[in-house]
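Please find below a short note for a colleague who has not seen this structure before.

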Amino acid sequence: MSEKHSVRRAFVASGQVQGVGFRPFVYRLAHEGGLTGTVGNTSEGVRMEVQGPEAEVGRFGLRLQAELPPLARLTALRQGDMPPVAEEHAFVIVQSSGQAGHNVLVSPDVGVCADCLADMADPKNPRYGYAFTNCTNCGPRYTITRSIPYDRAVTSMSCFPLCPRCAAEYGNPADRRFHAQPVACPVCGPVFWFVDKNDVAAGGTLPLAARSCTGGANAGSCEDTAVAQAKEALSRAGLASSGKVLLEGGILAIKGLGGFQLACDARNERALILLRERKNRPHKPLALMVRDIETIRTFCDLRPEHEALLVSPEKPIVLCPRREQEGPDALPRQVAPDTRQVGFMLPGTPLHSVLFDWLAAHAPQPPVLVMTSANAAGEPICLGNREALERLPHLADAWLLHDRDILVRVDDSVITLQPQTGPVAAGVPPVTAQPGRSEPLFYRRARGYVPRPVFLADSTGEAAATGGEAGQEAGRGANVEAGARAVEAGADTPCVLGTGAELKATCCLTRGNEAFVGQHVGDLENPAILGFYEEVVAHLEKLLEVSPKALVCDLHPDFLSTRYAEARATREGLPLWRLQHHAAHAASVLAENACFVPALALCLDGTGLGDDGTVWGGELLFMDLDSPEWRRLGRLAPFALPGGDAAVREPWRIAQALARQAVEFGHLDAAAAQAAAPWLAEHAQASHAVDEMLTRGINCPATSSCGRLFDAVAAQLGLCLTTTYEGQAAIRLEDAANRAEGPLGAVLAGRADVANMRQASGMVWPVGMAERNGLLEMDSAGLFARVAESVAAGMPVAEVAGRFHLGLAMALACMAGRAARSLGITTVGLSGGVMQNAIMARLLPQALGCFGLKALTHHELPPGDGGLSLGQAVWGRRMLAAGKA
């Protein structure tokens, strides 16, 4: 068609559009429509110019949004007409171009896809059994990428020159490996090999065929059949040796996608005990990997939502409800001794897949492996081969290494299910909103989801089209015009860095109307973890091409994240705001739900320094993110923590303090309190010392912590007197409550609505409420007294635990309802680590509904401290917008 009858239109697609098969997708659409033009990667996204009949060009624009490749996500699509180009006869893919500043989203790492698994299972395929098979729909992304635009030259695959066959696939727009940057095969790609302690001692850790190449050093060997055969033989031998270590009860360190993992046979109790001893991890649950979902079904009762998450491209660890089983086929209790929830995942890389194939062929039962991070407590996960060989000899018996470098440490993501209350997080399988359905809730957000952004609204509401429910549609192609306006509106918004807290540390960087929360770092308690944290911040800044213009940190002066922020603000002359811990939680859940109107927030966790210098943790806050402003409205009535941090490790101390307080307030008889103290037999002498501390008020800081109340109740019920990991007492208490039966069990499990329980005589314990010093206070000691009285009277532990959950949820909702009425507010955000308790996540929204209140919950980030950095960053944005720098 002559150019006078043609139109030419430019499209710029922003979002997750590089490294996900977007350009070949565009190429196919253009060819099917008979269009000419170009497509190429730029710093702003993918730029397309298409020319042809107006109807076909318009159809191209519609299909561009409606038929996206599996991993692509549009956040904005800008378009405009151009003069037609004369004598243009083809549609071509042009070379990438870049400049500072961009709107591109780097894809997270993606689990191996079904097509690549099929290639690996076909003996006639050149990638048969190849452990680094990938395509544009799967494989490593974030962990091998140095910068944008995403091309092979800026990844750790740059040192593997393509063989002719791979180069042909890479250059063919009709091939699903077209411009798949990690593409490789046995001839030209990475190789894996086995190393045991004898090899390490002898110095033979890097076989000649496996030495990492640099600067194209292997270019001559890519076509060398002898070298290729040697590499394949090396891998086959490594696979057999690795499998033998596992089947014989040993511990294998595996170089995974974002770091090393420790693996052992989960069916072997001796191996489990050995792993726990070496890691000094006596009780904390261990994650498991199996070959297929059918194996998980033999152990767990799976819902469709569990299965959708397990097979999703992100391949997270999914907490699944374990059935009560006995006999040789049952999972050993040592896997997760404190809970019936077991974390399962499917193989996320081809390397894991070929290992499971070998084990399935040689093991007497379907293989089940523990797959946990390869690091000692308080250390970051191992990244490189030499690092793993140096740091892991006391943990591992052997190593499965490979020569593809990991550039970024990323741990596995952990997800559970919560009752569905709103939009589903981007990147997780959506489920239909209806009673009884569940949605994902993050415990840990890392591999598969980072660096996917949270889309931010602003007070005008314009950018809200890419946040909340609309944001989920925008991610798959709808509302992209609003997304384009959002990008333009936020283009000049300064970058803010939220530095997070101490436990479950993350950072958050904003870019326009996007917030990028970094991967889970861990507990920021020593220089090694701080080094990992600084790596994450620096890499995200480089990848996003941003530099913070303001910082927000926690109020606690001794957090390493706070010290990092203070030092950087001083060094770079940047404004720094210190936002109270629970205010950051409130800002996080409200921002995630695009709520910029005045709202309440219940922020329930273990510890956070309050602006009065005391330990907070059970807070009712008012927040207006638009202003921005916040204030404290209510709390759990304070109680003592005898010994400070020692009380966190020994919850019986908190139980003793609350029992004493309950006696003093007249809630509990002293003799009954003494009789119902299960810790006396083991801690009698220490109990006397604690009593003296309480009498004299020595080292007994007051707290309003909801998490510590859970700990005290668990101790009072004899479930957990001392802890070996954070949250252990609360996990055991929740597990006990899940065993409640009858009407109470139905409510706790979500089979009946909590509204029906309000009228049940004696089922919901009444909890006192008072106003002191301008704050509403829920009677913590009174609720604890109900627990102590009930267990002393012989009530089953499961029922007591269940009634505690129900009574607490109703009391918190009552406190929120009272404050909401006085302020004319109808929305309550729910945040903090307590909201990872599935029972509380189920009961609190229902209980708030009894008072006419709408609950807002987290959907894209963990409710614990792993999501707190988002709240800090959003608070900083609003402070800048309000001119408060």
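Predicted model: local features only at pLDDT ≥ 70, side-chain atom pairs only at ≥ 80, totals over all residues.

1. Salt bridges overall. The whole structure contains 45 salt bridges. One network of them links Glu-379, Glu-387, Arg-391, Arg-409 and Glu-535.

2. Glu-88 and Arg-8. These two side chains form a salt bridge, with 2.7 Å between the closest N and O atoms. Glu-88 sits in the loop between strands E4 and E5 and Arg-8 in strand E1, so the pair ties together parts that are 80 residues apart in sequence. Both residues are buried.

3. Arg-635 and Glu-777. Here the closest N and O atoms of the salt bridge are 2.6 Å apart. Arg-635 belongs to strand E24 and Glu-777 to strand E28, 142 residues apart. Arg-635 is buried at a relative accessible area of 13%, and Glu-777 is buried at 5%.

4. Glu-324 and Arg-340. This salt bridge has an N to O distance of 3.9 Å. Both partners lie in the loop between strands E10 and E11, 16 residues apart. Glu-324 counts as exposed because its relative accessibility is 53%, where the cut-off is over 50%.

5. Helix H26. Residues 838–850 make up this helix of 13 residues, and its span of 19 Å is close to the 18 Å expected. Its N-terminal end is capped by Asn-837, which places a side-chain oxygen 2.9 Å from the backbone nitrogen of Ile-839. Buried residues in H26 include Ile-839, Leu-843 and Leu-848. Just after the helix, Gly-852 has a positive phi of about 75°.

6. Cavities. There are ten cavities of 30 Å³ or more.

How values were computed:
Residues numbered from 1 in each chain as written. Heavy atoms only, no water. Helix = DSSP H or I, 4+ residues; strand = E, 2+ residues; numbered from the N terminus. Expected span 1.5 Å × (residues − 1). Buried < 20%, exposed > 50% of the residue type's maximum accessible area, 1.4 Å probe, protein only. Polar contact = N/O pair within 3.5 Å; in protein donor to acceptor, adjacent residues only side chain to side chain. 1 Å grid on protein atoms, 1.4 Å probe; cavity = no way out; pocket = protein on both sides within 12 Å on 5 of 7 lines; lining within 4 Å. Points joined across faces, edges and corners; volume = space filled by probe spheres on them. Salt bridge = Lys/Arg side-chain N within 4 Å of Asp/Glu carboxyl O.
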